[in-house]
Amino acid sequence: MSAEGQAVVFEEVSKFYGEVLGVNRVTLNIPPGITSLVGPNGSGKTTLMNLMTGLIHPDHGRILVRGLSPRDPEALMRITGYATQYDTAPRWATGFTFLTTSLLLFGYERREAEEKAWKALERLGLTEAANRKVAAYSKGMRQRVRLAQAIAHDPDVLVLDEPLNGLDPLVRAETIDLFRAWAAQGKHVILSSHVLQEVDVISDQVVLIANGSIVAEGAIRDVREEIDEHPSQYLVRCRHASEVASLLFAEAHVTEIKLNEDGMGMLVMTRDRQQFARSLARIALDGHRIDGVVPADENVDALYEYLIGGE
Amino acid sequence: MVRPDRPFPTRARQTWTIARIELRRVFFARHSFWVYGLALLPAVIFFGHGLEAKIRGERLAQRGLAVPALLDSVREGETLDEVKERLGAPARERWSVRSRRVRRATGSAGTTTHAIDPAVEARFVRLNITNPSYSGEPRARIYEFEVYGPQGRENLAFGRPATGSIPCSPAEGPEKAVNGSVAGGEQDRWCSYDWPLYLQVDLGTTRPVARFVVKHASAGGESDESDTREFNIQVSTDGKVFTTVETSSGAAFVEERTEYRELIYFDGRRQARYLFVDGRVDNRSVRPLLDFEEDRAIFAGIFQFFYLRLAVFFGCLGLFMYLFSGEMSNRTLHYWFLVPARREVLLAGKYAAGLIAASVIFGGGALLALAALVWPQDPVAIQAYWNAGGLRHVFWYTTAAVLGCVGYGSVFLAVGLYIRNPIVPAAVLLAWEGAAGILPHVLQKASILYYLQSLCPVPAPIEDDVPTLIRLLIAPAAPASRPGAILGLLLLTAFALWIAAKAVRRMQISYGSES
């Protein structure tokens, strides 16, 4: 099995909804392990997931999931489980029948299908509610029953759209353990989130998406480095702002300076945080009074906002 | 990529699994409960018809049954007593009397005679016409006005000077009423429409008068509708003071009474109605309470014009059009797309579910209607029907209903995948199916109805007074042979399903707000 054969591959994939852009020229190579698609609402995460499971078809480009085309659900869905964000279930379905009917379609005998359904429900802590109508479940339970349905047939590629949304902390920790166990078997766990911190820790790789395009991609360490290379923002408070600004602007790593209107401060953008710290120290030593330096994007969210939103 | 621990279901098994799951949805879909109403309507109609006949038969039989042979023995012209004596008391007797006002005959046509007793002295006699005709025409027509003495045979008015209201024409003056003749046609009368209408004769001297004779329009050969309806006669000795001596309404009206009587006899199967007019049989009909043959012809009509054209048509629309679009709006369609099954398998499964439901509903509806048709009939007639191939009829009716579901189902499944709103395609298809009869032969073959009509065992009855255009529309096209019809229908179905499969392969989940 080639490396590409084991990966989820997007090649120059574009998808439009009428005139509206869904995703634009996405090229991705997702190896097994936990991969998080991160981006704000409407950035194209769901579109990417629907594309790789064949719910929608790309207008351009090619997608292969472990060597299979999403146009061939008969083969693809055998190894894929997808828990969508669509919060619906057939009216007739109880948690248990919902899972068993789907497993019957995978070709399992009834007894085996019921066993697997029960195992999946057990794993998600839904055994008590198994014989109640899904329509009567709470939002979190419906989230879990969809997750249970996605894992019931033991797929190699698990696609989960906002799986942690609406889960209470305890269940969330259990669910994350489940993802880890899955990934440890060399399988794909592809999940989406609009909160970077939420998946930062658990992901082997992160794909940042904004406006239908990939902003950053790779192992979480690589993404962090990539973030380091991107300009950082600092808020500098000082007496003679324009003088300090002209000194700073002479430095090669500084890309942009915005002076505050009161002349008492400025917003500095730099490509190199360490160089910037050294420069600022030098300026202070030269006798310019610096009242304070505050990183404007220290928290992860701000950084991420900056990455995907700052042009 | 196939791992040995994963089972590989056959596509047929997947299709059946999908169909089983979908069946529940199709049978119990709240939005398609009306389909059951359509399917059961003929059964309800025939059941009601049969029940009504049964109850009627029970009621009639309570009064005693007549001897069958005697029912046919009654002839027109027989009297009420003769019939009752021979057949006994009827199961039901109804009578009514109708009366109407008719004109009393005048006797000698158009002539009225008015005797004055005792005789009066008169020099001037005057005829005042207050209502000049029966027809309502305001025109007085008097051919002759004669005056006689107590013994006299001589017409005292003959040739005397006459005056009156202005005549219709100079040739129709008052002198024509005293000229002693009525035979000269319209030129031989006094005519006037100048109100007040009167005719006055001067007898020359005062003399006793005892009798007047007035000859009206019909005496001169005109219609009796033009006869004078109301008038009076006055006399005077001086031409100034007149006394009324006679008031006549001409020919009066009388009541004419006619007695109608209906006797109904029942021999357990046939019902005889005898209508008596004034005590004599005027009309007779002996018919079975339930006419199996007639009912079967009605069934054929209802089956073709209502059941196949409308009930199965709209029923399949309701059951098949929403198989995909209904799940799209419920946001549950993606579950089907996420199972390891080809889209064609999903299509086949859903079609099978719709087809099973539609066949059960409409095949069952047809069977129930046939049962309701046969149930109340005479056992002998039923036996004869079975012997004459009745079961074959039942088979072909049911087959036509089921094949209707096969054809219309595939068409509406395909239509539902391309168009969401059912109204426009339904109207277009209905028009197409309806108009197929007047299309060229090649185009007829693209209509489901064309094949279904070829399968119906009994041609639908078309009354003779149906206008030609409608006859063309409803008359079945040149029928195909049965195997040909089934083959053609299946080919049409396969084509519709192929179109549907193309759409399903391309289908994408779009629930509106994507993120």
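How many bridges join strand E3 to E7 in chain A, and do these strands run parallel or antiparallel? Six bridges join strand E3 (residues 33-38) of chain A to E7(A), and the two run parallel. The views below come from a predicted model, in which local features need pLDDT of at least 70, side-chain atom pairs count only at pLDDT 80 or more, and totals for chains, interfaces and linings use all residues. Residues are numbered from 1 along each chain as its sequence is written, while chains are lettered from A and ligands numbered from 1 in the order in which they are written.

**View 1. Strand E7 of chain A and its parallel partners.** Helices (H or I, at least four residues) and strands (E, at least two) are DSSP runs, numbered from the N terminus. Two strands pair if DSSP finds at least two bridges between them. From E6(A) the chain crosses through helix H6 (residues 169-184) of chain A to E7(A), in a right-handed β-α-β crossover. Right-handed means that, with the strands pointing away from the viewer, the path from the first strand over the helix to the second runs clockwise.

**View 2. Burial of strand E7 of chain A.** A residue is buried if 20 or more other C-beta atoms lie within 10 Å of its own, exposed if 12 or fewer, and partly exposed in between, with C-beta atoms placed from the backbone. Six of the six residues of E7(A) (residues 188-193) are buried, so the strand is largely enclosed by the rest of the structure. One side carries A:His188, A:Ile190 and A:Ser192, and the other A:Val189, A:Leu191 and A:Ser193.

**View 3. An open antiparallel sheet in chain A.** Three strands lie in the order E2-E1-E4. Strand E2 (20-30) and strand E4 (60-65) of chain A are the edge strands, each pairing on one side only. Strand E1 (residues 8-17) of chain A pairs with E2(A) over seven bridges, and A:Val9 stands opposite A:Asn29 in E2(A).

**View 4. Surroundings of A:Gln85.** A:Gln85 lies in the loop between strand E5 (80-83) and H3 of chain A. This residue is partly exposed because 18 other C-beta atoms lie within 10 Å. Not counting residues up to four places away in sequence, A:Gln85 touches A:Thr46, A:Asp161 and A:Glu162; contact means C-beta atoms, placed from the backbone, within 7 Å. The C-alpha atoms of A:Gln85 and A:Pro163 are separated by 8.2 Å, although the residues are 78 apart along the chain.

**View 5. Helix H3 of chain A and the contact with chain B.** Of the 11 residues of H3(A), 10 are buried, including A:Phe96, A:Phe98 and A:Leu99. The buried residues pack against helix H4 (110-123) and helix H5 (139-151) of chain A together with helix H1 (11-28) and helix H7 (333-337) of chain B. Just after H3(A), A:Gly107 takes a positive phi of about 100°. The contact between the chains takes 33 residues from chain A and 27 residues from chain B. H3(A) supplies four residues, the largest share of the side of chain A that touches chain B.

Terms used
Two residues are in contact if their C-beta atoms, placed from the backbone, lie within 7 Å.
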